[in-house]
Amino acid sequence: MRTSVTRTFSFEAAHQLPWHEGKCRRLHGHTYRLEVTVEGPVGDHGIVVDFADVKAVVEREVVDRYDHQFLNDFMDNPTAELLAAEIWKAVEAAKLGVSRIRLWETPDSFVELTP
Ligand SMILES: [Zn+2]
């Protein structure tokens with residue numbers, strides 16, 4: 001049996017994709033929804049990880065950084081795929097033991113990253 005815990009976050013950000021031939025070329029925004037999953041053994045206290053620890057890391061490394069920002073200020077080509085990769089690196093660096101992230105760009109479209 002494998003146990004994983006997931007916490008969700010959301011942030012608002014604007015971007016534009018200059019290479020895009022459709023409407024994504026224009027400046028627009030999204031309410032991004034982020035799911036961060038940590039998998040691991042259930043420890044002595046009966047938890048995989050403290051949800052509060054996940055919240056602290058992700059709010060510091062992701063939400064505080066990108067909320068209400070213009071994503072093109074952070075990267076040249078802020079697709080959901082490349083933004084998710086940046087988020088993965090930031091969360092991974094915090095030694096959270098992340099096993100999956102999902103970044104929802106719209107209510108029906110997400111990017112998923114696993115190791
Ligand atoms: Zn977009």
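Modeller: A definition comes first: two strands pair if DSSP finds at least two bridges between them. Helices (H or I, at least four residues) and strands (E, at least two) are DSSP runs, numbered from the N terminus. The model is predicted: local features need pLDDT of at least 70, side-chain atom pairs count only at pLDDT 80 or more, and totals for chains, interfaces and linings use all residues. Residues are numbered from 1 along each chain as its sequence is written.

Biologist: Good. In which sense do β1 and β2 pair, and over how many bridges?

Modeller: β1 (residues 4-15) and β2 (residues 28-39) are antiparallel partners, with 12 bridges. Within that pairing, F9 stands opposite L34, and A14 stands opposite G29.

Biologist: What is the bridge partner of A14 in β3?

Modeller: That partner is F70. β1 and β3 run parallel and are joined by two bridges.

Biologist: And the order of the strands in the sheet?

Modeller: The sheet is open, has mixed pairing, and its five strands come in the order β3-β1-β2-β4-β5. At the edges are β3 (69-70) and β5 (109-113), each pairing on one side only.

Biologist: Now the helices. Which strands does α1 lie across?

Modeller: Helix α1 (residues 51-66) lies across β1, β2 and β3, and runs at about 15 degrees to β1. Axes here are lines fitted to C-alpha atoms, for helices over the stretch in contact, and angles run from 0 to 180 degrees between N-to-C directions. The other helix, α2 (residues 80-93), packs on the sheet and touches β2, β4 (98-106) and β5, making about 145 degrees with the direction of β4. Contact means that the C-beta atoms of two residues, placed from the backbone, lie within 7 Å.

Biologist: What pattern does the chain follow along the sequence?

Modeller: The pattern is β-β-α-β-α-β-β. Of the contacts with a separation of 6 or more, 63% are between residues 24 or more positions apart.

Biologist: A change of topic: T6. Is T6 buried, exposed or partly exposed, and why?

Modeller: T6, in strand β1, is partly exposed because 15 other C-beta atoms lie within 10 Å. A residue counts as buried at 20 or more such atoms within 10 Å of its own C-beta, exposed at 12 or fewer, and partly exposed in between, with C-beta atoms placed from the backbone.

Biologist: Which residues does T6 touch?

Modeller: Leaving aside residues up to four places away in sequence, T6 touches E35, V36 and T37.
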